[in-house]
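Let's take a walk through this structure together. Please have the sequence and the 3D view open as you read.

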Amino acid sequence: RYMEYKQKDKTGNKKLWSDTTVNSHYQRIRAFFNWLSYKVELFPSNVLGRLIFKKNSRAITIFNSEEINKIKNFIDQNKYVEEWKWFVEMLVVMIETGLQVEILCLLKIKNIVLKDKSLCVDVVKNGKTNKIIFPLSKYCWKIISSLILNKNNTLRTDKKLIFHNRYYRKS
């Protein structure tokens, strides 16, 4: 009831509690009661374990058409500018694959499937490793080809990472 009260009654200048705030406080209180049941012999266990609280679903924001056009314009204007070239290369791959920056920075030349012009990535989820293949568009392939191919169109062997320290901005 206290949690419901904090969500409905605005006291003073404090704002109402969100579902996330209620869940956060509930987790702390539940942890305390579980600790008590562990430390005090006669205290019942899992007293609060059956309470149900509304979970707040995260809204996923997507780009609108205007924002997409701004990104495309930025890429087109800066893909050959030395200051931004390294970023544009990474941005295009990230947009096409949806990979996180941490994974993107660690992509290796051996992740490239030359025959299919695709990217094969091992993704760990819930302790299981899955191979995911991302086919790359002609546009993306053209942007990153200088990073991964020799002049005779074979995969480079002189480096391991695709974005080999290129994601560090030079001052």
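**The pocket and its surroundings**

Helices α3 (65-78) and α4 each contribute at least two residues to the lining of the largest pocket. Helices here are DSSP runs of H or I with at least four residues, strands are runs of E with at least two, and both are numbered from the N terminus. This is a predicted model, in which local features need pLDDT of at least 70 and side-chain atom pairs count only at pLDDT 80 or more, while totals for chains, interfaces and linings use all residues. Residues are numbered from 1 along each chain as its sequence is written, and side-chain values use heavy atoms, leaving out hydrogens and water.

The largest pocket has a volume of about 320 Å³. Of its 13 lining residues, Ile-71, Ile-75, Leu-91, Ile-95 and Glu-96 are the closest to its centre. A pocket is an open set of points on a 1 Å grid over the protein atoms alone where a 1.4 Å probe fits, with protein on both sides within 12 Å along at least five of seven lines, and lining residues have an atom within 4 Å of a point. The volume is the space filled by probe spheres set on the points, which are joined across faces, edges and corners.

Now look at Glu-89, in helix α4 (residues 82-97). Glu-89 is buried, with a relative accessible area of 1%; buried means under 20% with a 1.4 Å probe, counting protein chains only.

Finally, turn to the strands: β2 (residues 118-125) and β3 (residues 128-135) pair in the antiparallel sense over eight bridges, where pairing takes at least two DSSP bridges. Leu-119 stands opposite Phe-134 in β3.

Definitions and conventions. Buried means under 20% relative accessible area, exposed over 50%, partly exposed in between (1.4 Å probe, protein chains only).
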